[in-house]
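Me: Take me through one part of this model closely, please: the interface. I'd like the background on each partner too, with every cut-off spelled out.

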Amino acid sequence: MNNLIEFIQQPWPWYVAGTIIAIVMFALLYFGNSFGLSANFRNMCSMLGGGRSCDFFDFDWRKQTWNLLFLAGTVIGGFIAHQYLMPDATIAISEATVADLQALGIANPGEGIVPQDLFSFESLFSLKGLIMFVVGGFLVGFGTRYAGGCTSGHAISGLSDLQPASLVAVIGFFIGGLVMTHLLLPHLLSL
Amino acid sequence: MKFIKYIFLGILFGITLTKAEVVSWFRIYEMFKFQSFHMYGVIGTAVVLGIIITQIIKRTKMKAISGDPIVIPPKQFSIPRYLIGGTIFGLGWAMTGACPGPMFILLGNGVFVIIVAIASGILGTYVYGRIKRKLPH
């Protein structure tokens with residue numbers, strides 16, 4: 001039993017994570033639903049009364065209760081992993097990444113699950129923190145709905161079904177991600 | 001009680017993405033810098049297995065738990081919608097280091113400031129709904 005716990009406490013390799021993600025996708029299909037997390041942003045808009053001012057949100061969000069509960073489960077899962085399964089939260093990123101991030105002024109890259117200096121409420125009161133969370137979050141919410149899905153809906157579910165639309169969406173994800181990482185983030189982080 | 005299975009699946013998903021470091025801003029940065037195979041391995045494994053699973057579902061005309069056939073609705077193809085929308089999402093993904101699922105998983109990890117990105121994400125979706133008709137699809 002102790003061996004098992006020790007085994008679980010190590011960082012999980014990519015093939016374990018990929019396999020579990022595929023199983024989760026299959027389970028959701030088998031239960032008569034589908035795997036797509038960004039739909040919950042739309043569900044929340046509807047829950048908050050968005051249907052009164054915009055017909056895009058005028059639907060019965062109660063039919064999406066399963067997805068909202070799945071989402072609630074992910075929060076609990078994050079809590080369990082953080083509390084009980086992470087003896088040390090260092091992320092084993094490559095040396096090249098560590099060097100690049102140090103050059104951009106990120107302190108202790110890989111220490112903690114996210115950069116501590118950026119992911120704090122104090123950082124929200126700095127220009128870069130404000131842009132990162134407010135603009136970044138907005139782009140995620142706007143872009144996923146425009147594209148009709150996020151990583152789970154397009155990159156996993158859509159590509160698994162060999163949908164050409166999802167391939168275009170994933171190409172878009174990478175165009176945006178590469179432009180941000182290579183061209184914009186260096187400026188943002190030096191603000 | 002019929003909903004409890006979704007909570008369990010969510011817990012499994014949240015634990016997995018935390019343990020495999022998929023929710024880490026550092027991993028997303030590293031992925032877009034092509035400095036590690038890790039994230040490509042995660043997504044690649046899921047897609048390869050997903051293709052096999054989807055083909056089995058279709059070829060065996062597998063039924064869902066309810067007895068109805070499993071249907072995977074095809075997405076109507078167009079370039080502008082998916083390319084522009086996808087690019088906008090990609091910009092936000094690389095900035096926050098989190099797509100929608102990991103944002104919530106990070107909340108469970110005690111990274112509370114991510115609630116601002118979540119609120120902004122809900123607003124972004126709302127704004128899309130409002131101006132949807134004016135955008136190329």
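Reply: Helices (H or I, at least four residues) and strands (E, at least two) are DSSP runs, numbered from the N terminus. This is a predicted model, where local features need pLDDT of at least 70 and side-chain atom pairs count only at pLDDT 80 or more, while totals for chains, interfaces and linings use all residues. Residues count from 1 along each chain as its sequence is written, chains are lettered from A and ligands numbered from 1 in the order written, and side-chain values use heavy atoms, with hydrogens and water left out.

Let's meet the partners before we get to the interface. Chain B comes with six helices and zero strands, and from the N terminus on its elements go α-α-α-α-α-α. The C-alpha atoms of chain B fill a box of roughly 45 × 40 × 35 Å, again along principal axes.

In chain A, "transmembrane region" is annotated at residues 12-32, 66-85, 125-144 and 165-185 (positions are in the numbering used here, feature names are shortened, and annotations may be inferred rather than shown by experiment). The model puts 90% helix and 0% strand on residues 125-144 of chain A, with the end C-alpha atoms 27 Å apart. Residues 165-185 of chain A come out at 100% helix and 0% strand, and there the end C-alpha atoms lie 28 Å apart. For chain B, the annotated "transmembrane region" stretches are 36-57, 78-98 and 104-128. Residues 36-57 of chain B are 91% helix and 0% strand, 33 Å between the end C-alpha atoms; residues 78-98 of chain B are 86% helix and 0% strand, with 26 Å from end to end by C-alpha.

Now for the interface itself. The contact (heavy atoms within 4.5 Å) draws 127 residues from chain A and 108 residues from chain B. Together, chain A and chain B bury about 10,400 Å², and 79% of that sits on carbon and sulfur atoms; buried area here is the accessible area (1.4 Å probe) that two parts lose on being put together, summed over both. W14(A), F41(A) and Y146(A) supply 8% of what chain A buries against chain B, which is more than any other three residues.

Polar bookkeeping next. Between chain A and chain B there are 29 residue pairs in polar contact, both partners at pLDDT 80 or more. A polar contact is a pair of N or O atoms within 3.5 Å; within protein, one must be able to donate a hydrogen and the other to accept it, and residues adjacent in sequence count only if both atoms are side-chain atoms. On the side of chain A that touches chain B, helix α9 (residues 164-189) of chain A gives the largest share, 21 residues. That side of chain A divides into 82 nonpolar, 39 polar and six charged residues, where Ala, Val, Leu, Ile, Met, Phe, Trp, Tyr, Cys and Pro count as nonpolar, Asp, Glu, Lys and Arg as charged, and the others, Gly among them, as polar.

In one salt bridge, the side chains of D55(A) and R133(B) come to 2.9 Å, N to O. D55(A) sits in the loop between α3 and α4 (65-84) of chain A, and R133(B) in the segment after α6 (114-131) of chain B, so this pair joins two chains.

M25(A), F35(A) and S38(A) supply 55% of the area domain 1 buries against domain 2 of chain A, more than any other three residues. Zero salt bridges are counted between these domains of chain A, along with three residue pairs in polar contact.

How values were computed. Salt bridge = Lys/Arg side-chain N within 4 Å of Asp/Glu carboxyl O.
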